[in-house]
Amino acid sequence: MSEEIVYIRGDATAPCAEGARVIAHVCNDIGGWGRGFVSALSKRWPEPEAARYEAIDTALGRLAGQVIELGASVHMPRIGCGLAGGEWPLVEPLVAGRLAGRGIPVTVYDPGEGA
């Protein structure tokens, strides 16, 4: 198993991978829906806007089982680190442990042009 996370510049709403793909995102609990990456998600899929997620670690743990079942890869921005105010050095180990550490391919997208 690899705990490697691939980082690229691009749009996480248009994952650059073959096969089943899951876009992972979290919504903060401070009501900051409407700016940042979540706006791009809302333009493509309005349904998640009403949902609020538990702690990132718990959400990633639950996601992992479903992703493994689907045989999918995971694509995301630096979740929890935009308007929510989280710090990537604290979130990255959660992503590595819950997803990449279980053999799930993970790509993190930073804003900007394609890879």
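Helices (H or I, at least four residues) and strands (E, at least two) are taken here as DSSP runs, numbered from the N terminus. On that basis the chain holds 3 helices and 4 strands, which follow one another along the sequence in the pattern β-β-α-α-β-α-β. The model is a predicted one, in which local features need pLDDT of at least 70 and side-chain atom pairs count only at pLDDT 80 or more, whereas totals for chains, interfaces and linings use all residues. Residues are numbered from 1 along each chain as its sequence is written, and side-chain values use heavy atoms, with hydrogens and water left out.

Of the 115 residues in the chain, 37% are buried, where buried means under 20% relative accessible area, exposed over 50% and partly exposed in between (1.4 Å probe, protein chains only). With contact meaning heavy atoms within 4.5 Å, 79% of the contacts between residues at least 6 apart in sequence join residues at least 24 apart.

The strand pairings, for which DSSP must find at least two bridges between two strands, are set out below.

| Strands | Sense and bridges | Residues opposite each other |
|---|---|---|
| β2 (residues 21-23) and β3 | parallel, 3 bridges | Ile 23 and His 75 |
| β3 and β4 | parallel, 3 bridges | Val 74 and Val 106 |

Strand β3 is covered on both faces, with Ser 73 and His 75 buried on one side and Val 74 and Met 76 buried on the other.

Val 74 and Met 76 also belong to the largest nonpolar core, which has 22 residues and in which they, together with Ile 79, Val 95, Leu 99 and Val 106, touch the most other members. Such a core is a set of buried Ala, Val, Leu, Ile, Met, Phe, Trp, Tyr and Cys residues joined through side-chain atoms within 4.5 Å. Two or more residues of this core come from each of α2 (56-70), β3 (73-76), α3 (88-98) and β4 (106-110), and α2 gives the largest share, 5 residues. Leaving aside residues up to four places away in sequence, Leu 99 touches Leu 60, Leu 63, Ala 64, Val 74, Met 76, Leu 94, Ile 104 and Val 106.

The structure also holds 1 aromatic pair. The ring centres of Tyr 7 and Trp 88 lie 6.4 Å apart and their planes stand at 85°, so the pair is edge-to-face (rings of Phe, Tyr and Trp, the last by its six-membered ring, pair if their centres lie within 6.5 Å, and planes under 30 degrees apart count as stacked, over 60 as edge-to-face and the rest as tilted). Tyr 7 in strand β1 (residues 5-9) and Trp 88 in helix α3 are 81 residues apart, and the pair thus links distant parts of the chain. Tyr 7 is partly exposed at 31% relative accessibility, whereas Trp 88 is buried at 9% relative accessible area.
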